[in-house]
Structures are given as structure tokens and as C-alpha cells.
Amino acid sequence: QWHNLAFTTARDIGVPTFVLHYEDYRDRFEGIRQDLLNFLELPMIKEGPEFALGKEYEEFYTAEQREAVANLVKELASLETWLQMKDYYFASASTALAE
């Protein structure tokens, strides 16, 4: 519900948003850091700490549990929320969820 309300509120009040996914940091850290700084209109002051990869926790849940959560989130999510989240941590759930 938090994501639904965040997207709705940002749209309703016309505030610019920047959606950032974990995979963005993992796959293109330098580029996404610069994109975020540009969005915030801030200069790069110094290098930050190294980004630690691997915090996905998939091994804690069975495929059935991940699929059940994905189904629940899809049911409760607005279209905008689902489009942002469907691949985020539900990638291993049923391919039917991607639609």
C-alpha cells in the first residue's frame, strides 16, 4: 500500500520522482549514482563507501512462498506500482505474473 500511495501522491501534487531499483545499483552503479545526483541537482562531492552486493535473500523463501507473495502484491498493487515492482523481487515467481 505504501508504494501505491507514494505514486498516487507524487502524481497528484506534481512532484518529480526518481524510481531507483536495487538492480540499478548492482548493474550500473556509476551511471545510476550520476543520474540520481542530476535528479537532485547536486554535485559529486567525494566517493562514497563501496556498494555491497548480494542482499537479495531469495534463499530464505521457497518458490511457492515467493509466488504467493507476488500474487498478493499483484492483487493489491496499482498498475503503476506493479509495473515498478513486478521484476524487482518476483523474478523467480511464475511468468504469468509478469503480464
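Which residues are linked in a network of salt bridges? Glu30, Arg33 and Glu47 are the members of this network, where a salt bridge is a side-chain nitrogen of Lys or Arg within 4 Å of a carboxyl oxygen of Asp or Glu.

## Model and confidence

This is a predicted model, in which local features need pLDDT of at least 70 and side-chain atom pairs count only at pLDDT 80 or more, while totals for chains, interfaces and linings use all residues. Residues are numbered from 1 along each chain as its sequence is written, and side-chain values use heavy atoms, with hydrogens and water left out.

The protein chain has a mean pLDDT (the predictor's confidence in each residue, from 0 to 100) of 81, and 85% of its residues reach 70 or more. Residues 92-99 have pLDDT below 50, and this stretch has 15 contacts (heavy atoms within 4.5 Å) in the model beyond near neighbours in sequence. Where pLDDT is low, the predicted coordinates should not be read in detail.

## Salt bridges

Let's turn to the charged pairs. The structure holds five salt bridges. In one of them, Glu80 meets Arg11 at 2.4 Å, N to O. Glu80 lies in helix 4 (residues 79-85) and Arg11 in helix 1 (residues 2-13), so this pair ties together parts that are 69 residues apart in sequence. Helices here are DSSP runs (H or I, at least four residues), numbered from the N terminus.

Glu47 and Arg33 also form a salt bridge, at 3.1 Å, N to O. The pair links distant parts of the chain, with Glu47 in the loop between helix 2 and helix 3 and Arg33 in helix 2, 14 residues apart. Glu47 is exposed at 55% relative accessibility, whereas Arg33 is buried at 15%; buried means under 20% relative accessible area, exposed over 50%, and partly exposed in between (1.4 Å probe, protein chains only). Arg26 and Asp27 meet in a salt bridge too, at 2.8 Å, N to O. Arg26 is partly exposed at 34%, and Asp27 is exposed at 54%.

## Helix 1 and its two faces

Helix 1 has twelve residues and reaches 16 Å from its first C-alpha to its last, close to the 16 Å expected at 1.5 Å a residue; the expected span is 1.5 Å times one less than the number of residues.

Its buried residues are Asn4, Phe7 and Ala10. They cover an arc of only 145° around the axis, which puts them on the same side of helix 1; the arc is that of the directions from the helix axis to the C-beta atoms. Helix 3 and helix 4 are among the elements covering these buried residues. The face turned away from the buried side carries the exposed residues Trp2, Asp12 and Ile13. After helix 1 comes Gly14, with a positive phi near 70°.
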